[in-house]
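Student: Please take one part of this structure and look at it closely, then connect it to the rest of the chain. Which details of the backbone, the sheet and the interior can be read from the coordinates?

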Amino acid sequence: MSAHAQQFPFGTQHQAYRPGTLTPTNFTRTQLNQQVANYYDVWKGRWLAADSASSGWRVKSDSSGRTVSEGQGYGMVIVAAMAGHDPQAKTIFDGLWKFRLAHPSTIDSRLMDWEVPNPDGNDSAFDGDADIAYGLLMAHAQWGSSGAIDYLAAARNVIAGIRASTIGPQSRLPMLGDWVSPNGSTYSQWTTRSSDFMPGHFRAYGEATGDPAFWNSVVTATQNVVTDIQSNESANTGLLPDFIKLVGASRDPQPAPNLLEGANDGNYWYNAGRDPWRLGVDAILNNDPVTLAQVQKISDWARTSTGGDPNKVRGGYKLDGTPLNSWQDIFFIAPLAVAAMTGEGAVDQQWLNSLYSRVYQSHNTGDYYGDAVTLQSLLAVTGNFWDPMAVLSTATPGDFDHDGDVDGDDLTRWKTNFGVGNQADADGDGDTDGADFLVWQRNYQPASSVARTGSATTTAVPEPSAACLACWLVAAAMGSSIRRRAG
């Protein structure tokens, strides 16, 4: 068993959550971390497996031995987050990526075949690729991209595939997979799945690719759909349906029963049950007021409708809050704990504590799904989930392209954004100016230096001649900015 050094080891709470975020108070921080580690150990023993055919690793979906891209994506995110607890994390992660490479979609090979083995229909599913890309960004943050696998380049390649083949060119909404034609009749860019709305992922993609404008447009498009559904279809609950179709000339978002999987496609069912987690993560990491209000609405309904008792959460609901069943599943409970983190006051704190106590030792034995969603919810609830681009930006001031070093490429990005953008904002004041250049200069250290020292903590400032050249660039950029404004 070999261990690999990681930059963001599990248990150290690497990213500050939004001010006021609730976390469980019925256990100590040490206890919370141990409970998540224990959950991971069970998950790993039950659902991770070496794959002899690809010499990689895969996430088993159930006793049949199949693997789905969604599960593989979950595995990559989870394993990257657990580095520091699991000494095998990097080895397993690289194996998970190797398995994914062995099973590409036949439509866009940058994406993964959604089900293995599957003799036909070897195309993609949006959510699997979305998590695979995010997992690669986490791996880039954890271990850097100068080794055998260039995680950052791989992530950018997957993100490019997601953008080209699974984002609606006009709708800016996630399509169901690369098998969907944007202008198809039954399935199109106007048919979407609410659990594919991952605003936190989309923001990270924008930072990783240097194209935040595009990915922010995806965030806005998904937020608009959620707001419309919550206003017109679930005003009292905030619940979202599994599938949504935007109909008519006005593209009115409506629940879409029997769209893909069955009669419950229009209900809060085994896709939409992930929504409080997906939206909740964005709210606590990015403090977006729109997402925050959306997830708070769901959380408030869940708490009041159950009287604050997690044992009264049922297996699925109509959008008006009518339970579809009398039984329970931790899948429907755990994501509500992430939503509860956005609450306020003693009542919401007790609700969060109760939810956490209900799920932190609960497992599903039939398939991977409930355990994987619960484990990721626990990572968020205990302060152990993070945005890889955000923690890299904090960890390496001046690394404007987020590739793990501070070099000439970062200076180029600074020059491009000087006076006109915020993609080289090192001091957090919302713009790119001379102060950000000084941060770059103080932290200048090309990848070759990082490789020699084994970390990015040693600072190598440019020689005086280089510094003079850089100062000249400041003056030139300032002059260019003045000419643009004068023209």
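Tutor: K415 sits in helix α14, which spans residues 408-417; helices here are DSSP runs of H or I with at least four residues, strands are E runs of at least two, and both are numbered from the N terminus. The model is predicted, so local features are given only at pLDDT of at least 70 and side-chain atom pairs only at pLDDT 80 or more, while totals for chains, interfaces and linings take in all residues. Residue numbers start from 1 along each chain as its sequence is written, and side-chain values rest on heavy atoms, with hydrogens and water left out.

The relative accessible area of K415 is 42%, so K415 falls in the partly exposed class; that class lies between buried (under 20%) and exposed (over 50%), with a 1.4 Å probe and protein chains only. The C-alpha atom of K415 is 9.0 Å from that of F437, a residue 22 positions away along the chain.

For context, the chain contains 17 helices and seven strands. Of its 487 residues, 57% are buried. Among contacts with a separation of 6 or more, 66% join residues 24 or more positions apart, where a contact means heavy atoms within 4.5 Å.

Pairing requires at least two DSSP bridges between two strands. β5 and β6 are joined by three bridges, and T192 has I244 of β6 as its bridge partner.

I244 has P255 as its bridge partner in β7. The hairpin formed by β6 and β7 has four residues between the strands, and G248 in this hairpin takes a positive phi near 75 degrees.

Some other backbone values also stand out against a general rule: most residues other than glycine have a negative phi, and most peptide bonds are trans. Q13 is not a glycine, yet its phi is positive at about 50 degrees. Q13 belongs to the segment before α1 (29-47), and its relative accessible area of 25% makes it partly exposed. S55, also not a glycine, has a positive phi of about 60 degrees. S55 is placed in the loop between β1 (48-51) and β2 (56-59) and counts as exposed at 54% relative accessibility. The peptide bond from V116 to P117 is cis, with omega near -5 degrees; P117 lies in the loop that runs between β4 (115-116) and α4.

A cavity is a set of points, on a 1 Å grid over the protein atoms alone, where a 1.4 Å probe fits but cannot get out, and its lining residues have an atom within 4 Å of a point. Points are joined across faces, edges and corners, and the volume is the space filled by probe spheres set on them.

The largest cavity has a volume of about 120 Å³. It is lined by 15 residues, of which H201, W277, R278, V281 and F385 are the closest to its centre. The elements giving two or more residues to this lining are α4 (126-143), α6 (199-209) and α8 (275-286), and α8 gives the most, with six residues. By class, the lining of the largest cavity has eight nonpolar, four polar and three charged residues. Nonpolar covers Ala, Val, Leu, Ile, Met, Phe, Trp, Tyr, Cys and Pro, charged covers Asp, Glu, Lys and Arg, and the others, Gly among them, are polar.

The second largest cavity holds about 30 Å³ of space. Its lining consists of Y268, W301, V313, Y317, F332 and L336, which divide into six nonpolar, no polar and no charged residues.

Conventions: On a 1 Å grid over the protein atoms alone, a cavity is a set of points where a 1.4 Å probe fits but cannot get out, and a pocket is an open set with protein on both sides within 12 Å along at least five of seven lines; lining residues have an atom within 4 Å of a point.
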